[in-house]
Each structure stands twice: as C-alpha cells, then as structure tokens.
Amino acid sequence: MSGLLFIISAPSGSGKSTLVNELRKVVPGLEFSISYTTRAPRGSERHGTEYFFVDRAEFERMMANDAFLEHADVFGNYYGTARHFLEDAGQRGNDLILDIDVQGAAQVKQRKPDAASIFILPPDRKTLEWRLRNRAQDQEEVIQRRLAEARGEIENYRGYDYILVNDRLEESTEALQAIVAAERLKRAEVENLPADPEAQACVAAAKSSLRDNMDGRVQSILASFAKPEQIMQPTQLTDRNPKERNV
Ligand code: 5GP
C-alpha cells in the first residue's frame, strides 16, 4: 500500500522546522523526506541529516535521470525531493512528510492529487519579525528582505488544503497531529466515525483548519503585513468616495 503524502510549506521564520520535529516525536509511522540541495550547509547541518548537499552538476544529472518527484529553484539554489523516498516509506508502511516550497508543492499536488498540503503561517508580522531576529541566523538585510517577501508568500495560501497559524507550539503541534489523524481515517475509509471521542475531536479540529474555514484569519494576518501606505485612513476613504458615505 502506498503511504500518505503530507506537504508542508511556510514563509521563512514561521517555525515550520520546529513544528515538524515535534510532530515526528509524537506521531508514529511518519517519515521525513530529506531533500537534495545545491546550497551550502549552514551551522551544524550535516550531509544526509537536514539535506543531501550536492553540487549543481550532480543535481542536474539527477534531473536528467528523472530522479525527482519535484524540484525548484529557491533563492538561487536548487532543491528537490527524490522519488524513492515516497516508494521507500510506502514499502515500510509509513507516511511521508515533505517540507518544500510553494513551487514544489504545486508540482507534487499535480502529480499526487491525494497529497494533503498544509501551509503554516505566523500569527502576524510582529511575531514573524521577532522570530527572524531571535534565531540570529540572518543579517539585518536578509531579515528585511524576508519580511518584505512574506506577504507575497502568504498569498499562496489558496493552493493549500489546510492552513495552520503557528502561534503556540503545543497547540500547533496538536492541530497538525489532528490533520494527520483525520487524513489517516479518511484513507481507512471509515464509513462512520469511530465512537471514540478522540477520533471525533481530531476530525473536528482538522476541519477547522481547512482553508475555506481559515479565510478570515488569513485576511487579518495579511492585513498585518500591509505597507503603511496601503492602509487607508478614514479621511482618505471619505474624500475618495463622498457619495458612498451614505449620510
Ligand atoms: P532552507 O534553505 O532555508 O533550508 O530552505 C529554503 C526553502 O526551500 C524552504 O522554503 C524549504 O521548504 C524549501 N525546500 C527544502 N527542500 C525542498 C525541496 O526538496 N523542494 C522544494 N521545492 N523546496 C524545498
């Protein structure tokens, strides 16, 4: 039986890696796909643990051999998911998580429409800024660029099945756990929900994370990223549309 595929994407600084690590600690039967990349290792990263670090020639050879389920150019470097991860996990009876960008997510969804895609968002701009500074990984210039790009990245949320706002780690881990559990129940084609209250709570929690149920929340997050000049003052509104004032 082939395993389930979970795609997780997020703007940089949304706390995705921590969340995925927490999920793997508490949910059995989940494997993590280690991507290939041409970017250089950072800090304590090791070949075969966070990524397989390869040069461009090697990556291009793999592309030519159709070794990737998806691949993309992200910030000037190649990243790709090797096909064999999905097959290997399935053979072991496990499900697979992919941590990939929006371009890769779109490619996987096209090839594997049953994959469940989850977009993780920061609760607002201020929190994202705080997290980017706190991880002390990037120069100020990079932080500013990531903040400027965040709104555009968040606007991709419509392509995903589930939206998860990562405010508190424990709650977010539970929400992610509920999505995995609900998708597993769906795969098992359980006719009637098990009477088990825990299973019912998972399904209800996963439903509340469905994209259509998160629209309002995403709009308010997007608003927190609006540039000051994009936020209209009440005076501007009345000056522009005097007839619409209804007075
Ligand atoms: P980083 O270099 O910070 O680890 O990752 C940069 C971006 O590349 C993140 O958005 C991450 O999700 C994405 N990424 C990592 N691996 C892959 C992959 O195999 N394919 C695609 N398309 N994106 C990836």
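Visitor: Is Arg151 buried, partly exposed or exposed?
Guide: This is a predicted model, in which local features need pLDDT of at least 70 and side-chain atom pairs count only at pLDDT 80 or more, while totals for chains, interfaces and linings use all residues. Residues are numbered from 1 along each chain as its sequence is written, and side-chain values use heavy atoms, with hydrogens and water left out. Buried means under 20% relative accessible area, exposed over 50%, and partly exposed in between (1.4 Å probe, protein chains only). At 27% relative accessibility, Arg151 therefore counts as partly exposed.

Visitor: With which residue does Glu155 meet in a salt bridge?
Guide: A salt bridge is a side-chain nitrogen of Lys or Arg within 4 Å of a carboxyl oxygen of Asp or Glu. Glu155 is itself partly exposed, its relative accessible area being 37%. The N to O distance is 3.3 Å, and the partner of Glu155 is Arg151.

Visitor: Which residues do salt bridges with shared partners join into one network?
Guide: The structure holds 17 salt bridges. Some of them share partners, and one network formed in this way consists of Arg125, Glu129, Arg133 and Glu140.

Visitor: How far apart are the closest N and O atoms of Glu129 and Arg125?
Guide: Helices (H or I, at least four residues) and strands (E, at least two) are DSSP runs, numbered from the N terminus. Both residues belong to helix 5 (residues 125-134), where they are four residues apart, about one turn of the helix. Glu129 is partly exposed at 21% relative accessible area, and Arg125 is partly exposed at 28%. In their salt bridge, the closest N and O atoms are separated by 3.0 Å.

Visitor: Why are Glu149 and Arg145 separated by about one helical turn?
Guide: Glu149 and Arg145 form a salt bridge whose closest N and O atoms are 3.7 Å apart. Glu149 is partly exposed, with a relative accessible area of 30%, and Arg145 is partly exposed, with 40%. The separation is about one helical turn because, in helix 6 (residues 140-154), the two are four residues apart.

Visitor: How many helices and strands does the protein chain have?
Guide: Of the 247 residues of the protein chain, 42% count as buried. Contact means heavy atoms within 4.5 Å; among contacts between residues at least 6 apart in sequence, 69% join residues at least 24 apart. The secondary structure comes to 10 helices and nine strands.

Visitor: Which residues touch the most other members of the largest nonpolar core?
Guide: A nonpolar core is a set of buried Ala, Val, Leu, Ile, Met, Phe, Trp, Tyr and Cys residues joined through side-chain atoms within 4.5 Å. The largest has 62 residues, and those touching the most other members are Leu5, Tyr36, Val108, Ile118 and Val218.

Visitor: How far apart are the C-alpha atoms of Tyr36 and Val54?
Guide: Tyr36 lies in strand 3 (residues 35-37) and counts as buried at 14% relative accessibility. Leaving out residues up to four places away in sequence, Tyr36 touches several residues, including Phe52, Val54, Phe59 and Met62. Tyr36 and Val54 are 18 residues apart along the chain, and their C-alpha atoms are separated by 6.8 Å.

Visitor: Is Ser209 buried or exposed?
Guide: Ser209 lies in the loop between helix 8 (197-208) and helix 9 (215-224). Apart from neighbours within four places in sequence, Ser209 is in contact with Asp161, Tyr162, Ile163, Ile179 and Met214. With a relative accessibility of 7%, Ser209 counts as buried.

Visitor: Where is Asp66 placed?
Guide: Asp66 is a residue other than glycine with a positive phi, near 60 degrees. Asp66 is partly exposed, with 49% relative accessible area. Its place is the loop between helix 2 (56-64) and strand 5 (68-74).

Visitor: In which loop is Phe75 found?
Guide: Phe75 is not a glycine, yet its phi is positive, about 50 degrees. Phe75 is found in the loop between strand 5 and strand 6 (77-82).
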